[in-house]
Amino acid sequence: QVQLVESGGGLVQAGGSLRLSCAASGSIVSINTMGWFRQAPGKQRELVASSISGGTTNYADSVKGRFTISRDTAKNTVYLQMSSLKPEDTAVYYCNARIRTIRPWAIDDYWGQGTQVTVSS
């Protein structure tokens, strides 16, 4: 099985920074796409940032210029550097990855357990 383990969440003041990490482990052959989603109470889960094989990155308009996604392919790890945090960034952040596995031989989307980010005003 594949597991995505997230870390780096916490409580910060507005204007502060946090760095989220997500490490994938298991019967991994390759990882096509890794990204971050977030979900605030009572709201739908939304894409924050994604990193696609080939170097393409995408960001939600609300985080452009403040968040940076990066990937360490050798470590099967993706990071989200968050700066100039705002109270509206408060949410549970979920790591997502599209992964090919050996057993079973398949490509599927996997999710982390989520890490809470709280930004106080």
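Student: Is S62 buried, partly exposed or exposed, and what is its relative accessible area?
Tutor: Buried means under 20% relative accessible area, exposed over 50%, and partly exposed in between, with a 1.4 Å probe and protein chains only. S62 falls in the middle class, so it is partly exposed, at 40%.

Student: Before we go on, what kind of model is this?
Tutor: This is a predicted model, where local features need pLDDT of at least 70 and side-chain atom pairs count only at pLDDT 80 or more, while totals for chains, interfaces and linings use all residues. Residues are numbered from 1 along each chain as its sequence is written, and side-chain values use heavy atoms, with hydrogens and water left out.

Student: Where does S62 lie?
Tutor: Strands here are DSSP runs of E with at least two residues, and helices are runs of H or I with at least four, numbered from the N terminus. By that count the chain has 11 strands and zero helices. S62 lies in the loop between β6 (56-59) and β7 (67-72).

Student: Which radius of gyration does the chain have, and why does it agree with a compact globule?
Tutor: The radius is taken over C-alpha atoms, and the globule rule is 2.2 Å times the number of residues to the power 0.38. For 121 residues the rule gives a value near 14 Å, and the chain agrees because its own value is 14 Å.

Student: Which residues of β1 form its covered face?
Tutor: In a regular strand, side chains alternate between the two faces of the sheet. In β1 (residues 2-7), the uncovered face holds Q3, V5 and S7, and the covered face holds V2, L4 and E6.

Student: Which residue of β3 is the bridge partner of V5?
Tutor: Two strands pair if DSSP finds at least two bridges between them. β1 and β3 (residues 18-26) run antiparallel and are joined by six bridges. In β3, the partner of V5 is A23.

Student: What is the peptide bond from R103 to P104, cis or trans?
Tutor: Most peptide bonds are trans. P104 sits in the loop between β9 (91-101) and β10 (106-111). With omega near 0°, the bond from R103 to P104 is cis.

Student: What is the phi of N76?
Tutor: N76 is in the loop between β7 and β8 (77-82), and is partly exposed at 25% relative accessible area. Most residues other than glycine have a negative phi. N76 is not a glycine, yet its phi is positive, at about 50°.
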